[in-house]
Amino acid sequence: METLIRFFSDLFHLSPDGVLPLTLAYSVCIGSLLGFITVYAMFAIWMERKVAAHIQIRYGPMEVGGWHGWAQSIADAVKLLFKEDLIPDGANKFMFWIAPAVVFCGVFSGFIAIPFALGVQIVDIHLGLFFIVCIASVEVVGVIMAGWASNSKYSLFGAVREAAQVVSYEVPAAVALLVPILIVGSFRLGDFNAWQEEHGWLVFHNPFVIVAALIYFIASLAGCKRAPFDLPEAESELVSGFHTEYSGMRFSFFFLEEYASMFVAAALVATLFLGGWTLPFVNVSAWPVPFGIVILLAKIFAVIFLQMLLRWTLPRLRIDQVMAMGYKYLLPWGMLCVVGTALFETMGWRWLPL
Amino acid sequence: MEALELYAVDDRADVYTEELKLNLGPQHPSTHGVLRVELRLDGEIITAARCDIGYLHRCAEKIGENVSYLQFTPYTDRMDYLSSMNNNLAWSLTVEKLLGVEAPPRAQWLRVIMAELNRIASHLIAFGTYGIDMGAATPFFYAFRERESIMALLERPSGARMLYNYIRPGGVAHDIDERWLPDVLAFCDEFEKRWAEYNTLLTTNKIFIERTKNIGVIPRQMALDYGLTGPVLRGSGVKWDLRRDVPYLKPYDEIEFDIPVGEGTHGTLGDCWDRYWVRMLEMMESIRIIRQAAVRVPTGDFVEKAMLKMYKSPLKPAAGEAYMRCENPRGELGFYVVSAGGASPIRCRARGPSFCNLSVLDALLPGCMIADGVAIIGSLDIVLGEVDR
């Protein structure tokens, strides 16, 4: 970010504190981020279809674009763009119109705090982790707007389920995230990478971190509405939940949001527990920046692959079971992890000879 | 909120709540066709339910009064379209009873194999769609792989993949080719391995068990009171199977097989899991029956010679009536035919298992959550083609 501001201020011979270089720098960042999310989402959707197909003894998309249907998502996106813009009768037009944007904004904002490599981060927020967790819950507001404005009972049910589920699962997720915070002593995401570069991956730091990582992963599945927690859009019960009435471009925003939030959740798992852009036994921060990005993306896609495997293997939970799982199992175990880690840290214990 | 159709139930409570009326279907992914269920909901809890059927009514019984006895066989295919062979069988047996003829031994044994193969195919659909109802899409594709092999097997003698019109009054329509029986046995070996796969994928899944145990419990007496049949009845622990109790084909007397019944393995006896598990076990029993039958198919005619002559002119049974019932994959399918001596019956009535089993739904749904309602509808395994006929 600072690099970009300096570049623009030098280019136009302006003061680096001025408004114009700042605006230009932000525009470039946001534009490239939007492009990245779109390309990533298209790839992830293609990947999801391929993973699903191969689990289900099919091939999935094979025709569009030649090699294994790589252009299928592009074709689908173009189709969605050209579809008629339908707003159902009786819908609250403004809310119906704004809901996909609100949903997308929440997740999109989370991207700006992710450190992709050393120095490759749009805004280096000191409370970066806190920011991502908080801004992600803005999405719920959009979903409730969508469900309410659609004037469909299925949408309303999906939205209410989403609200109940996401709000409940933020608690165990946040508690699980306290564990790495306790160890590293910072909310700044860059610090996690630096710490893990020095001390090795956090997930192996003590036995409680492994449990905390699992808890966060499960809670993030619920937060992303991924199976087995896909109740807000449970297609066998609620047709497709809160986006039942959406089509075309607006629907694609919900789709984009789902995959983007998967990315953010996977990025947090990778950054906080799996070393981020660092590798064990080597000094990645001394390497060129693209290496860090590739390492982080590889870890993120490994986590996303796991999310997909789970989605196509497991049946769906019922809403009371989802709640019970969050409050009766994940939350107490998360608390235990925090206490255990605090104990480990204060006593200075090590469980692995590292 | 005024746009939603809401009913006030109790405005004196501290928190103002309203009852929500929700239409499940007729266009809905989990109603297995065009079933419409009108739900009254208190939040996620169903307080009252009412089934609305008839969207697929095609006057099958009335058609039966206007076509000849042989012409009606294809119409029975289209009732419970997932178990056409069994429907053909029930109709053929009824007409044979009316005429007082019996199919030759070879046809009887072939009928057993066909009916059991089709039973497996039908239970596979029940298994696969039940997975989808539970949110697991993958078992469906595994089930369809095996169903595909069964359809390929049944296509060879009958020429059709789904609506066979193969078992006809007097015997079967065509003889099998000489490679058919070995291929059926090879399929049996293959299927046993696949069946174990289904269990690791879905049956033993913790989430699946949690979703189905203690849900939609039909106690033994309730099952009998509602006249339920088939796996739904056996899931409640009633050991009643026409193949054993009223053998309508001679081979069923000579073959060894068990009648799986629900045992309340994971919860209460007669819950969704029991019904599901009875279907799974029945597939293996069908494999056992096919294995024994395939090595014992005698040589000889595949259709009664006396009947063959009657095929040339319209079949005119003497005045009288006949009722025959068969154990279909979904329960007892019975046909009641009244003949006045003409070329077509004056009354042709079907007692469909899906229709009778569906009657219990209204009583099961209240008190459940929406997701349980979907699980219950799936566990009854209805085919709307036969509910509405």
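This is a predicted model: local features need pLDDT of at least 70, side-chain atom pairs count only at pLDDT 80 or more; totals for chains, interfaces and linings use all residues.
**View 1. Overall build of chain B.** Chain B contains 17 helices and nine strands. The C-alpha trace of chain B spans about 80 × 50 × 35 Å along its principal axes. Of the 389 residues in chain B, 51% are buried. Among contacts in chain B between residues at least 6 apart in sequence, 70% link residues at least 24 apart.

**View 2. The side of chain B that touches chain A.** Contact between the chains involves 28 residues of chain B and 25 residues of chain A. On chain B, the elements giving two or more residues to this side are β2 (17-24), α4 (105-133), α5 (138-158), α7 (206-212) and α16 (370-380). The chain B side is made up of 16 nonpolar, six polar and six charged residues.

**View 3. The open sheet β7-β8-β9 of chain B.** Three strands of chain B, in the order β7-β8-β9, form an open sheet with antiparallel pairing. β7 (320-328) and β9 (347-351) of chain B each have a single partner strand and stand at the edges, so one side of each lacks a neighbour in the sheet. Direction ignored, neighbouring strands of this sheet are turned by 10° against each other on average.

**View 4. Pairing of β7(B) with β8(B), and the helix across them.** Nine bridges join β7(B) to β8 (residues 331-339) of chain B in the antiparallel sense. Ala322(B) has Val337(B) in β8(B) as its bridge partner. Helix α3 (residues 84-99) of chain B lies across β7 and β8 of chain B and runs at about 150° to β7(B).

Technical notes: Residues are numbered from 1 along each chain as its sequence is written. Chains are lettered from A and ligands numbered from 1 in the order in which they are written. Two residues are in contact if their C-beta atoms, placed from the backbone, lie within 7 Å. Helices (H or I, at least four residues) and strands (E, at least two) are DSSP runs, numbered from the N terminus. Ala, Val, Leu, Ile, Met, Phe, Trp, Tyr, Cys and Pro count as nonpolar, Asp, Glu, Lys and Arg as charged, and the others, Gly among them, as polar. A residue is buried if 20 or more other C-beta atoms lie within 10 Å of its own, exposed if 12 or fewer, and partly exposed in between; C-beta atoms are placed from the backbone. Two strands pair if DSSP finds at least two bridges between them. Axes are lines fitted to C-alpha atoms, for helices over the stretch in contact, and angles run from 0 to 180 degrees between N-to-C directions.
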